[in-house]
Amino acid sequence: MSLFDPNATPRIETERLVLRGWREDDLDGFAAMMSDAEVARFLTGSQRPMARAEAWRDLALFVGHWALRGYGLFAVEEKESGAFVGRVGAWQPECWVGFELGWGLARPYWGRGYAFEAARAAGDWILSAFPLDRIVSLIHIDNTPSQNLATRLGMKAGEQTLHAGMLHDVWDISRADWSKA
Amino acid sequence: MTPGPTLTTARLILRPPAHQDFDGFAQMATEEETMRFIGGVAPRDAAWRGMASLAGSWALLGYGMFSVLRRDTGEWIGRLGPWRPGGKEGSWPGDEVGWGVKQSAAGQGFAYEGAVAAIDWAFDTLGWDHVIHCIDKKNAPSIKLAQRLGSQLEREDHRLAPPFEEHMVDLYGQSKAAWKARQRT
């Protein structure tokens with residue numbers, strides 16, 4: 001039995017991807033993604049790969065974020081294969097630096113422009129759904145691929161902040177600049 | 001909104017965690033005595049993540065810990081209920097009903113009252129046939145509560161799954177049949 005209604009989460013289609021609500025069976029793909037040291041390096045507080053039990057807790061956190069805030073991270077699926085590709089979307093747990101546009105993909109799907117495609121669509125959704133002046137992205141200072149993606153999205157690095165004991169840049173973009181990009 | 005039922009007891013309301021409960025969660029997370037055996041004190045951001053994970057459990061599994069509110073004042077006093085991170089496929093040692101009540105509400109039988117309602121609900125609605133409680137050996141008040149509920153020590157020194165692999169717990173528990181037999185007496 002599950003009371004979870006993934007249809008309560010908006011479904012966004014891009015050329016090659018679907019952004020949708022989380023399902024229990026996303027755990028396999030998500031746990032595989034987070035067990036990869038290269039992915040975990042910038043996406044976990046410990047910088048270490050996650051055990052499956054920890055990945056479940058993260059997934060519960062993502063779903064709970066939707067339940068409590070009314071927005072959150074989407075599961076990203078590849079249209080052609082239906083495979084789980086990663087997560088992208090809105091992120092603002094308590095004490096966060098701002099309304100974040102976040103992204104993270106499983107390594108097999110890197111280098112295809114998927115993260116840009118998903119982040120662009122998620123950012124469009126965020127700005128259409130919420131009356132925000134700006135969105136931010138918290139990016140580890142050594143995370144070059146995400147810095148490149150933020151630049152491609154038109155974002156600029158601003159102040160630095162400590163998150164999980166590690167230095168991150170707070171990238172941001174105004175609503176006006178996002179719609180021009 | 002977090003989906004899930006609302007249970008009512010003589011003095012309490014149990015319902016899935018909602019956003020307005022957060023100040024309660026955050027306050028309880030700072031109480032050293034309360035948190036000593038249930039993960040330790042946590043700052044506000046971690047307390048929010050903990051609350052969100054409970055809400056997420058409801059959404060993913062159809063059950064999770066309830067927020068507990070006093071019927072007379074509406075005050076949030078703790079969280080308790082069915083808990084099995086990862087579900088049946090996960091690495092949790094069984095179908096748990098766990099509890100935690102903030103300091104100002106401790107010692108008044110609230111955890112017992114809420115746990116009875118949660119165990120009834122778990123057996124009747126979730127189809128569980130056995131319930132466990134993961135308890136630190138040194139957590140005397142919780143061991144006493146487990147025994148008051150009729151649960152018995154079933155396994156010692158069980159190591160929890162990550163991120164709690166440093167923690168050993170004793171498992172207390174009982175079958176649905178034992179629970180139902182006891183309720184009738």
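Chain A of this predicted model contains 6 helices and 8 strands, where helices (H or I, at least four residues) and strands (E, at least two) are DSSP runs numbered from the N terminus. Read from the N terminus on, the elements of chain A follow the order β-β-α-α-α-β-β-β-α-β-α-β-β-α. The radius of gyration of chain A, taken over C-alpha atoms, is 15 Å, close to the 16 Å that the globule rule (2.2 Å times the number of residues to the power 0.38) gives for 181 residues, so chain A is as compact as a globular protein of that length. Along its principal axes, the C-alpha trace of chain A spans about 45 × 35 × 35 Å.

Residues are numbered from 1 along each chain as its sequence is written, while chains are lettered from A and ligands numbered from 1 in the order in which they are written. Because the model is predicted, local features need pLDDT of at least 70 and side-chain atom pairs count only at pLDDT 80 or more, whereas totals for chains, interfaces and linings use all residues.

Of the 181 residues in chain A, 41% are buried; a residue is buried if 20 or more other C-beta atoms, placed from the backbone, lie within 10 Å of its own, exposed if 12 or fewer, and partly exposed in between. Among the contacts in chain A with a separation of 6 or more, 55% are between residues 24 or more positions apart, two residues being in contact if their C-beta atoms, placed from the backbone, lie within 7 Å.

In helix α1 of chain A (residues 26-34), the buried residues include Asp26(A), Leu27(A), Phe30(A), Ala31(A), Met33(A) and Met34(A). These residues cover an arc of only 160° around the axis, which puts them on the same side of α1(A); the arc is that of the directions from the helix axis to the C-beta atoms. An α-helix has 3.6 residues a turn, so residues three or four places apart point the same way. The cover over the buried residues of α1(A) includes α2 (37-43), α3 (52-69), β3 (73-78) and β4 (84-91) of chain A.

In chain B, the buried residues of helix α1 (residues 22-29) are Gly24(B), Phe25(B), Met28(B) and Ala29(B). Viewed down the axis of α1(B), they fall within an arc of 130°, so they line one face of the helix. Elements that cover them include α2 (32-35), α3 (44-61) and β4 (76-83) of chain B.

Apart from its neighbours within four places in sequence, Leu59(A) is in contact with Trp22(A), Asp26(A), Leu27(A), Phe30(A) and Leu60(B). Between the two chains, 22 residues of chain A are in contact with 27 residues of chain B.

Ala164(A), in the loop between β7 (156-163) and β8 (166-174) of chain A, has a positive phi of about 50° although it is not a glycine. Pro162(B) and Pro163(B) are joined by a cis peptide bond with omega about 10°.
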